[in-house]
Amino acid sequence: MSLGLRRGTVLVEPHDAEWDVIAAETIAELHSILQDVLVDAQHIGSTAIKDICAKPIIDIVAGVSDFDKLLSRNSVLEENGFVFRGQDHPLQYLYIYGDNDIRTHHVHAVIYDSEEWNNYVDVRDYLNCHKKDAEAYSKLKESLAKQYSEDRETYTASKSELIGEIIAKARYWRRGQKT
């Protein structure tokens, strides 16, 4: 199993069950570091979706109670290898893990039970339950990874339309489960 990619590069690999083990270990470490600030953390992203290809980078969503409390723990997070990268999207902060050039983890900190939290969890659950959509997403990722292996920004932007469609389907699907 390989884990990690050089910043800016793209490579996708078949699903590896070891990713789930690594994610669980990382989540336990985050709970230990963040304690009462962390409400919940979940393994998300393509490494959390069975039977599809993924960049070998573990994505975790960290649902926190308060951003100010989270940011006050940045020095402890950094001492443990989680480097603060700032606000990568509105209403969320990014922490990376890995050495100087190879990133192995992305931790997306959001407010627990916010729209951002729910989108991450719902998309993961939806794709794990809807193999046809998961397969379409995987095929797109494989094609784009070959085309943009040295251009992660374009790779990511090129997936955005399909991801938007999947988010909409996942929201609708989740609402149906809650009624």
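Buried here means under 20% relative accessible area, and exposed means over 50%. The model shown in these views is predicted.

**View A. Helix H1, residues 18–34, and its length.** The 17 residues of H1 should span 24 Å at 1.5 Å a residue, and the end C-alpha atoms are 24 Å apart, which agrees. After H1 comes Gln35, which has a positive phi, near 45°.

**View B. The buried and exposed residues of H1.** Trp19, Ile22, Ala23, Thr26, Ile27, Leu30, Ile33 and Leu34 of H1 are buried. Viewed down the helix axis, the buried residues of H1 fall within an arc of 140°, so they line one face of the helix. An α-helix has 3.6 residues a turn, so residues three or four places apart point the same way. Glu25 and Ser32, on the other side of H1, are exposed.

**View C. What covers the buried residues of H1.** The cover includes the strands S2 (38–44), S3 (58–64), S4 (82–89) and S6 (102–111). Helices H2 (67–71) and H3 (74–79) are also among the covering elements.

**View D. The largest pocket.** The volume of the largest pocket is about 1300 Å³. Its lining is made up of 37 residues, and Asp88, His89, His108, Tyr120 and Thr156 lie nearest the centre. Two or more lining residues come from each of S4, S5 (92–98), S6, H4 (115–129), H5 (131–147) and H6 (152–178). H6 gives the most, with eight residues. By type, the lining of the largest pocket has 14 nonpolar, eleven polar and twelve charged residues.

Definitions and conventions:
Residues numbered from 1 in each chain as written. Predicted model: local features only at pLDDT ≥ 70, side-chain atom pairs only at ≥ 80, totals over all residues. Heavy atoms only, no water. Helix = DSSP H or I, 4+ residues; strand = E, 2+ residues; numbered from the N terminus. Expected span 1.5 Å × (residues − 1). Buried < 20%, exposed > 50% of the residue type's maximum accessible area, 1.4 Å probe, protein only. Arc of directions from axis to C-beta. Contact = heavy atoms within 4.5 Å. 1 Å grid on protein atoms, 1.4 Å probe; cavity = no way out; pocket = protein on both sides within 12 Å on 5 of 7 lines; lining within 4 Å. Points joined across faces, edges and corners; volume = space filled by probe spheres on them. Nonpolar A, V, L, I, M, F, W, Y, C, P; charged D, E, K, R; others polar.
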